[in-house]
Each structure stands twice: as structure tokens, then as C-alpha cells.
Amino acid sequence: MSDYGFTTRTVHAAQDAGAEHGAVHMPIHTSVQYGFQKVEDLIGVFQGRIKGGFNYARQGTPTTAALEALITRMEGGVGSVSFATGMAAITATFLTLLRAGDHVVSSKFVFGNTNSLLGTLADLGIQSTKVDTGSVAHVEAALQPNTRLVFVETISNPGTRIPDLAAIGQLCRERGIVYVVDNTVTSPYLFQPKSVGASLVINALTKSIAGHGDALGGTVTDTGLFDWQGYPNIFASYRSGDARQWGLTQIRKKGLRDMGGALSSDHAHRILVGAETLELRCDRTSATALALARWLQAHPAVAQVHYPMLENHPQHAAARRYFKSGSWLLSFELADPQRLVPVIDKLRLPVSATGLADTRSLIIPVAPTIFWEAGAAVRADMGIADGMIRLSVGLEDERDLIADFEQALA
Ligand SMILES: *Cc1c(COP(=O)(O)O)cnc(C)c1O
């Protein structure tokens with residue numbers, strides 16, 4: 001199967017995994033308990049000697065396992081753990097791999113809730129330094145002897161900033177630091193963080209991969225590149241067997257079994273169905289977003305457009321080098337911030353809503369909503385102008401969207 005293309009492999013994944021009765025979709029396994037003919041096998045599953053066995057749905061079901069296998073393959077990794085949401089995956093990663101006294105370096109442009117979570121960690125004794133990760137020099141300058149983890153996102157929301165991805169990977173490898181890349185905006189179709197040395201990859205499945213705004217989910221994938229044998233925070237009980245699995249075993253046992261943010265089989269199924277069209281949707285939304293970005297850039301009512309595939313984007317060269325296309329995420333600033341609300345209200349197609357990567361376009365004024373709690377000083381530091389609008393481009397026809405913006409901006 002490895003010679004086949006991305007979508008060929010995805011749509012045949014369940015059958016290749018041997019779904020029962022020849023089912024072409026992995027069935028939705030709703031059982032919480034998994035029983036055994038011989039109690040020896042129950043013991044074997046508990047002790048990890050029987051691989052791939054199930055015992056209690058909080059740690060996984062055949063349906064969530066099929067989704068984990070699919071994401072692992074898309075990311076070129078050695079394994080994945082699924083969670084109820086993207087935030088549950090990020091929280092589990094931090095709480096299971098870090099201890100009080102450890103230090104994190106994070107992009108200062110991360111997703112707002114991740115940023116807020118870093119504040120919670122500070123109260124637990126895990127400090128973080130937030131830097132502009134567009135230059136590896138900023139990351140290097142922030143490193144401390146107790147820095148265990150560096151966290152970045154491929155394309156930041158809403159500003160579309162891109163980290164110095166490969167150089168940060170090189171730095172983390174040299175220093176033995178866990179490099180976590182949140183691949184949500186790009187998805188494994190546009191970019192594989194393993195190619196820049198990521199240790200762990202986060203995907204909020206809720207966005208591109210599920211793709212229809214009807215399911216929440218998240219995964220952590222281990223790329224197999226990090227040497228867990230040299231990592232001090234792995235508990236003794238997880239230091240056995242294939243060392244590439246130690247980190248994920250700890251994330252599954254502590255983060256999923258103990259903390260309990262399990263993905264349901266129903267949602268895993270919806271995400272698996274959504275994933276089948278990931279390539280088609282990404283190609284379509286990226287093409288529409290680029291056309292719309294160019295059109296907006298030429299409009300006199302628009303002061304600035306942020307989209308990585310525009311030639312004047314400050315990190316355009318990096319975007320071209322790393323990503324297959326620019327994604328559905330685009331933001332722009334109105335020349336007159338007073339027009340923010342009237343312009344959005346005049347639009348007929350994009351839905352005024354928070355959220356990303358639905359089949360329909362979603363639009364939101366940034367400063368008075370998702371960055372309201374942050375306050376004016378943080379907004380200024382993060383380059384969030386008062387007239388900034390974030391758009392998640394959906395599957396509507398390009399000419400319909402452009403015509404809609406034409407009438408709204410007139
Ligand atoms: C949405 C998002 C998350 C969180 O995902 P949920 O499934 O909504 O919890 C994390 N990271 C990024 C970059 C996101 O866009």
C-alpha cells in the first residue's frame with residue numbers, strides 16, 4: 001500500500017486493517033468492557049504483553065485504534081494516542097511529560113487556549129517563556145538548563161506566522177529537548193512535522209481532519225525521532241520494551257487512562273469518514289483562500305492581508321518550502337476599523353462563528369472576541385489590529401465568495 005497516494009491509502013484503510021465481516025468502514029465499537037475467554041489473556045492485556053488488546057474503553061476501542069493507526073500513517077510516526085479534543089491531547093502531553101521545576105519554550109503566537117493552559121501550568125510549577133519562534137535564535141536564547149519541551153504551531157492563528165521549523169528541530173535534537181509541533185492548521189496532508197525533526201505532533205482532529213464541524217477530537221503522534229531513554233521524566237514502569245514507545249505509553253497511561261479525556265467511538269467514526277476527503281477539501285480550500293487573499297489585497301478598503309502563499313507574506317519562502325499549500329486560514333485588516341461589524345454583517349455566505357475548517361466559511365472579528373480576554377497590550381504585542389478579521393475558508397464556490405465580499409466591502 002505504501003506506493004499508493006494519500007487518498008487511495010486513506011479510503012482503503014479500514015479494509016487493510018481487517019475490519020470484521022468485510023465492513024468497508026471500521027465499525028463503531030460502543031462496548032466499554034472487553035471480555036476474554038481465558039483470564040490469562042486479560043492479565044496479558046493489563047501487563048502490556050498482549051499488544052493491541054482492549055480492556056476498558058477509556059484507554060481505547062477498536063474504532064479509536066483505527067483512527068490512531070490512520071493518523072500515525074499520515075504523519076509517518078510510530079504511534080498515536082487519541083483524545084476527546086485537541087486541547088485534551090495538548091493538556092495530556094504537557095501534564096504527563098513535565099514535572100514541577102521544568103521549563104517550556106513556546107511560540108508566543110500559539111492558539112489562545114494553549115496559551116491560557118501555559119498559565120495554568122505556571123501555577124503548577126512549570127514555567128514557560130514565550131518567544132517569536134520565527135527565528136531559532138529567539139528559541140535558543142530562551143533555553144534554560146531545565147527546558148524540557150519546545151512548543152510551536154505550523155501556521156499561527158490568526159496572524160499566519162510560521163516558525164523557523166527545521167532550525168528549531170535541529171536545536172532540539174542537539175539539546176535533547178522534546179519538540180512538539182501542533183500541525184492542526186496544516187494537517188498531515190499539507191505538512192509532516194517529522195520532516196523538520198518534531199518529536200511529537202499534535203492534531204486537533206476537530207479541524208481539517210474531521211472537516212465538517214460535527215466532531216471534536218485530538219491526537220498526539222510520536223514520530224520516533226526522540227530518544228526517550230535520555231529523558232528524565234519517564235516513570236520506571238514505562239521504561240521497558242521498544243524505547244520509541246515509552247513517551248506515548250506514558251501519555252496513554254497517565255494522560256488517557258488516569259486523566260480520562262477519551263475520544264468516543266462515535267466521534268472517531270465521524271472523524272474517520274471526514275479524513276477520507278482531507279486531500280480534496282485541503283486542495284479546494286487552499287486554492288479558494290489564495291484567490292480570495294489576492295482579491296482582498298487589491299481592494300482599497302483592505303489595509304493588509306495575512307496569507308502565507310502571498311508573495312509579500314514575511315515568511316513566504318518558508319511557507320513554499322514546507323507546505324503543499326496555504327490552508328484555509330486567512331486574516332485581513334480593514335483600513336477603517338469602524339467598518340468591522342457592518343462589513344461582517346453584510347456578508348451573506350460566511351457564518352459569523354468561532355471555529356475553523358468547516359465545510360462552510362466561518363468569519364470572526366478577532367479583537368472583540370477570541371482576543372478580547374487577552375486585553376489591548378497583549379493584542380498589540382501579538383500584532384492583532386482592531387480591524388482584523390479571521391476567515392476560515394470553506395468549500396463554497398470561489399466566485400460566490402468573492403462576489404459576496406465585493407458587495408459587503410462596497
Ligand atoms: C482548535 C485548535 C486546538 C484545540 O482543538 P479542540 O479540538 O478545539 O480542543 C489546538 N490547536 C490549534 C492550533 C487549534 O486550532
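Q: Before we look at helix packing, what are the axes and angles here?
A: Axes are lines fitted to C-alpha atoms, for helices over the stretch in contact, and angles run from 0 to 180 degrees between N-to-C directions. The model is a predicted one.

Q: At what angle do α12 and α16 pack, and how far apart are their axes?
A: Helix α12, residues 278-297, packs against helix α16, residues 398-409, at an angle of about 30°. Their axes are 10 Å apart.

Q: Is that roughly parallel or roughly antiparallel?
A: Angles under 35 degrees count as roughly parallel, and α12 and α16 are therefore roughly parallel to each other.

Q: And is the crossing left-handed or right-handed?
A: The crossing of α12 and α16 is right-handed.

Q: Which residues make the contact?
A: From α12 they are A287, T288, A291, L292, W295 and L296, and from α16 they are E398, L401, I402, F405, E406 and L409. By class, this contact of α12 with α16 has nine nonpolar, two charged and one polar residue.

Q: Changing topic: how many disulfides does the structure hold?
A: The structure holds zero disulfides.

Q: Are C172 and C282 buried or exposed?
A: C172 is buried, with a relative accessible area of 2%. C282 is buried too, with a value of 4%.

Q: Now L149. Where is L149 found?
A: L149 is found in strand β4, which covers residues 147-153. L149 is buried, at a relative accessible area of 0%.

Q: What is L149 in contact with, beyond its neighbours within four places in sequence?
A: L149 is in contact with F94, L98, H103, V104, V105, I177, V178 and V180.

Q: How far apart are L149 and F94?
A: L149 and F94 are 55 residues apart in sequence and 8.7 Å apart in space, C-alpha to C-alpha.

Technical notes. Residues numbered from 1 in each chain as written. Predicted model: local features only at pLDDT ≥ 70, side-chain atom pairs only at ≥ 80, totals over all residues. Heavy atoms only, no water. Helix = DSSP H or I, 4+ residues; strand = E, 2+ residues; numbered from the N terminus. Parallel < 35°, antiparallel > 145°, perpendicular 65-115°, else oblique. Left-handed = near helix turned anticlockwise from the far one by under 90°. Contact = heavy atoms within 4.5 Å. Nonpolar A, V, L, I, M, F, W, Y, C, P; charged D, E, K, R; others polar. Disulfide = S-S within 2.5 Å. Buried < 20%, exposed > 50% of the residue type's maximum accessible area, 1.4 Å probe, protein only.
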